[in-house]
Amino acid sequence: MNTLAPETLAAIDQLEAALAAKAIPAKDAQTCAKLLDNLRRPVRVGLIGGTEAGPATVLSMILGQDPIPAGFPTPTLEIVHGASYTCSATLGDATVLNSEGWPDADLMAHNPVFIRLTGPIEALRRISFLHLSLGNDYPGQLSALNWAASRLELTLWCSQGFPPHEADLWSNAPDPMKHHAFLVATGRGDNPGTLRQRVGADFEGVFAVSLAEHLDAHGALDLGPAPGLKALMRRLNADIDEAQLADLDAARLFLYRFGQSDAARASMKPAAKTAKAAAPKPAAPKPPQTAPAAQAPALAAIPEPPPRDPEAVATLKKTISEPMLYLKRRARALSEMLDWQESPSGDWASDVLEHCCETTEVLRDRADAWPEDDGQADALRECLDEAWDVAILLQVEGGDSQARDAASLMLQLRGEFERALAA
Amino acid sequence: MTAESSETHSAPPQATAATARRGAPAQTGLIRQAYEGLGALADRLRRLEGALVDLEQAGGPATAPTTKKLRRQIRQFQPSVTMIGQVKAGKTTLVNAMAGWPDLLPADINPWTSVVTSLHLEPGLKPGNNKAKFRFFSEEEWDHLLSRGGRVGELASRAGAEQELEKVRAQLQEMREKSRRRLGNKFEMLLGQEHEYGYVDEQLIQRYVCLGDDFGEDTPADQSQGRFADITRSADLLMGQSELPMRMCIRDTPGVNDTFMIREQITVNAIRASKLCVVVLSAHQALSTVDMALIRLISNIRSREVIIFVNRIDELTDPVNEIPEIQASIEATLRAQDGPKDAQIIFGSAFWASHALEGGYESLGQASAEALLAWGQHAIEGGLAALSVEDMVWTLSGMPALCKAISERVIAGEGAEFEANISGAAQNLASALSASHSVAKKRATGGPVTAVAPDKIGAEMTAIAERHVSAVEGKFDELIRSLDDRLENSRRSFLTRATASLIKHLEDYGEHEVWTYDPAGLRVLLRSGYRVFAAKAEKASGAVFQAAADEIKALYMGAFQPGDSEYGLQVPVVPKAPAPVMLGQTIALDIKGNWWSRWWRKRRSYDSFTEEFAGMIGAEIDPMIGSLSCDHAEPYLDQVKSALTEFIERQRASILEVAQQTQSDPNAASEARNEEAEAKGQRLAAAMDALSEFRPENLRSAAE
């Protein structure tokens with residue numbers, strides 16, 4: 001689960017092919033390039049905080065290895081996927097030192113201000129990291145945040161007790177950074193519950209991660225990631241899954257609109273079964289030669305949800321297979337409708353919106369009759385309620401982009417059904 | 001001052017020729033004909049009352065309170081229809097025509113007034129027994145209007161539109177000063193009071209309902225003209241209309257598009273209190289987006305509870321061609337705005353109706369007469385040629401069609417529900433009496449009767465009541481919780497979409513274009529959430545009612561072993577959940593005024609604005625969401641509980657009476673008593689015979 005899914009890879013191929021074949025009008029090529037970028041690029045996660053809060057330690061715990069040899073402060077550090085372990089260190093005088101392997105004590109003795117590492121770690125295809133240690137002066141902190149803001153999709157703000165001066169700094173941080181941020185409390189006495197109340201809507205979640213476990217474990221191998229860290233990683237992975245699905249849906253919809261090829265049509269078809277079969281086992285990264293012995297890395301250690309009762313699965317399948325058929329039928333009708341956008345007659349957007357509202361409404365009505373005590377059915381029902389809400393609001397808004405949103409909403413709905421059936 | 005006091009006046013101060021004429025409407029036969037559909041309902045209710053009289057005679061003292069109460073309910077039953085509409089749609093003329101009484105209410109009501117006028121028409125009322133009651137605003141309502149400027153004031157202050165708020169305040173201040181000049185020092189003392197009169201005449205109505213012209217303020221005439229109209233909240237006029245088959249109430253509401261939106265709230269309440277609504281539109285401004293407020297209000301009521309009357313077709317130059325166009329346009333608007341699409345639409349002219357009622361056509365005017373002829377020509381081709389002139393004009397006025405539609409809705413809706421309630425209670429009473437009689441008979445003839453202790457069976461009834469009331473409470477608790485969840489989700493979805501739309505607007509157009517966002521979607525979501533709740537709550541209540549009836553029946557069978565005599569128990573009718581009319585009330589997002597733009601231009605960054613926006617919309621929609629729970633779902637629970645409790649209490653009284661019978665002294669039987677029992681048995685048989693037509697299974701077969 002820590003790498004790109006086959007359907008994502010397939011979508012990338014198709015987008016690339018479409019772009020290369022010039023099958024896409026110029027005005028939409030830009031959108032296509034952006035979609036490709038979204039699909040290819042791993043989610044960029046920032047670890048930000050004062051040195052005492054240990055953003056570097058948290059990073060080590062996530063990676064399961066220390067990127068910087070012990071005893072040296074961690075500078076601003078970027079870690080991305082690459083074919084081999086390399087290091088590119090920028091010194092205070094703008095000199096750049098490139099080397100194989102990750103940094104050793106000799107390199108660190110030059111006091112680099114910025115280090116970029118690559119590694120053949122599969123998980124890095126999905127997430128890349130930026131570590132940012134904040135200095136002590138306020139203007140410096142602010143400019144560091146501004147610099148980082150455009151380089152991140154997700155921020156982990158590491159802190160001990162989130163004191164007032166940090167809260168103040170955070171309130172002045174660039175807005176995009178605040179849109180998706182978690183507070184990682186590393187202080188000994190930090191209570192996530194209390195912190196959650198205090199920071200309220202500033203962060204999407206608060207997780208307590210004990211640095212002590214890492215420090216204690218230093219040298220003593222295989223202690224495994226701390227429980228708070230596990231919870232954090234689970235959440236990160238879930239968010240990333242969701243974001244990637246949304247990207248994938250957008251890409252498929254785009255492909256469908258422009259690539260009239262069979263391949264594109266096929267991509268509208270459910271891919272869940274093949275995906276399941278082809279999904280690679282989570283692979284533990286191989287430890288690099290130059291790095292210290294690895295601990296159990298958090299990246300590969302996300303527990304899968306417990307297997308579900310086969311009987312419950314069978315019941316659910318029985319419940320939702322008919323609505324699923326309906327949804328598929330409606331999807332075919334919708335895909336025909338989507339072709340007509342360029343046709344001058346008729347009101348394309350309002351037809352699409354009407355169709356989507358009707359689909360969600362019918363499904364919602366069926367969901368009413370589903371059993372009350374099945375958690376999975378409940379989740380789907382809630383999902384249908386929400387989809388209907390959004391479809392109605394989109395319809396009232398009206399317009400082409402709303403119609404496209406509604407269509408991708410249908411695709412997401414279909415994805416939800418498929419996941420429920422495949423589980 | 002909160003205590004309500006009332007003044008009663010028994011006779012008009014000076015009886016003029018005009019007021020004398022007003023004792024009763026002229027008899028034309030037109031009204032009788034128009035509402036003749038209601039006659040069947042009236043007959044049925046009369047038969048029901050007859051059966052109750054028989055039951056009263058057949059039963060003992062334990063039966064009388066129930067029969068008396070049911071009979072009183074029948075006598076007081078008064079289906080009502082609420083008229084809402086555009087300000088210039090000729091609503092008042094129409095109301096007068098519907099009452100068969102042209103010029104009853106003054107048609108030129110100043111749009112400032114906010115009086116709800118209820119005409120209570122009673123067929124049996126003797127001329128001279130008319131009554132009028134006027135209620136003034138309470139201190140609290142008046143304060144709300146004046147100090148906060150009503151809804152508009154609230155909206156303006158929330159949006160930070162100080163200038164608009166200032167304007168509203170100034171207007172209100174002026175209004176208060178005028179009222180003070182008119183009413184003198186007594187003004188504040190009048191708030192919260194009621195004035196009652198033992199007559200109805202034009203001057204009286206003028207004084208309370210119709211605001212006089214401003215220039216007349218200091219003249220003596222103003223003493224009577226519109227003196228109180230500023231502060232009158234409601235007017236109830238009780239009058240005779242001998243042509244009506246049964247009592248009826250026609251409720252006239254103020255127009256909804258007033259400056260301070262206080263009337264909107266008044267209209268919302270009036271619609272909620274009524275089971276049938278007539279929306280009055282004017283033929284030349286049929287239904288446009290200008291009437292959004294009106295459409296919003298009616299879209300929360302079921303289609304079958306709405307009739308649309310398009311008035312003033314007399315002013316159309318080419319009615320034959322224009323009417324179908326208007327109809328199509330209204331239907332299109334209702335469809336587009338999520339209004340009651342299937343509502344019946346009737347065209348007509350209250351002006352023509354007045355002439356038909358008065359029997360004179362000299363004052364019709366050239367244009368109106370031409371329209372009438374054109375429309376008449378068209379109708380004659382449709383087969384109206386055989387009618388007399390009066391009947392023809394009356395028919396063309398749309399009045400018979402409107403009254404017929406009203407009669408049908410009353411019979412199928414309010415009337416059917418009322419009848420089912422009363423006849424169910426009467427049948428249960430009859431069953432219990434018949435059981436009681438058979439126990440008495442058995443004892444008299446020395447048959448085996450197990451004595452049943454009233455305390456014991458009473459305690460079991462109490463247990464049944466407690467169990468089922470708490471079952472209803474538990475079910476509602478669960479349903480209200482899931483309603484709250486649902487509404488919260490809708491609220492979130494809406495806020496997310498609206499906020500996203502705003503950011504997009506700012507990105508695309510910058511800050512100098514006015515941003516609007518239609519809250520219609522939110523209303524659809526909230527309405528749907530509430531409807532799901534209402535349907536589930538009605539169903540769950542029905543199940544509990546049935547279970548309670550089953551248990552009572554089992555208790556009864558176990559205690560009295562009635563043998564072959566059948567003990568049928570009618571399950572009471574579940575009350576209907578209140579319609580969420582207030583969802584239609586105007587909120588800040590509906591107002592596309594420019595204060596919005598000024599408000600949001602003041603803000604700094606898009607994001608900080610977004611938060612405030614979310615906060616403001618939250619504040620706007622939260623009362624609406626809260627109201628669904630507090631003012632609809634929870635009172636509905638009380639309604640259901642009281643229907644259930646009343647049902648169980650009635651059965652308790654019946655069962656206790658039978659229990660008494662099992663313990664009565666059999667030796668007390670005498671010749672005279674036997675005769676009395678015989679007579680009672682006959683009355684009961686008569687009642688049961690009469691009631692059989694109301695049994696659900698017979699109602700069904702009659703309908704088929």
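1. Helices here are DSSP runs of H or I with at least four residues, and strands are runs of E with at least two. Counted this way, chain A of this predicted model holds 16 helices and nine strands.

2. Chain A has 423 residues, and 46% of them count as buried. Its exposed surface comes to about 20,200 Å², of which carbon and sulfur atoms supply 55%.

3. On contacts within chain A, take the pairs of residues at least 6 apart in sequence: 73% of these contacts join residues at least 24 apart.

4. A:Gln402 is a residue to look at in the model. It belongs to helix H16 of chain A, which covers residues 400-422. The relative accessible area of A:Gln402 is 16%; buried means under 20%, so A:Gln402 is buried.

5. Which residues does A:Gln402 touch, leaving aside those up to four places away in sequence? Within chain A they are A:Leu353, A:Leu394 and A:Glu397, and from chain B there is B:Arg497.

6. In chain B, helix H3 (residues 37-58) meets helix H17 (residues 399-444): their axes come within 10 Å and cross at roughly 15 degrees. Angles under 35 degrees count as roughly parallel, and H3(B) and H17(B) are therefore roughly parallel to each other. The crossing of H3(B) past H17(B) is left-handed. The residues of this contact comprise 15 nonpolar, five polar and two charged.

Definitions and conventions: Residues numbered from 1 in each chain as written. Chains lettered and ligands numbered in written order. Predicted model: local features only at pLDDT ≥ 70, side-chain atom pairs only at ≥ 80, totals over all residues. Heavy atoms only, no water. Buried < 20%, exposed > 50% of the residue type's maximum accessible area, 1.4 Å probe, protein only. Contact = heavy atoms within 4.5 Å. Areas by Shrake-Rupley, 256 points an atom, 1.4 Å probe, with all protein chains shown as cover. Axes fitted to C-alpha atoms, helices over the stretch in contact; angles between N-to-C directions. Parallel < 35°, antiparallel > 145°, perpendicular 65-115°, else oblique. Left-handed = near helix turned anticlockwise from the far one by under 90°. Nonpolar A, V, L, I, M, F, W, Y, C, P; charged D, E, K, R; others polar.
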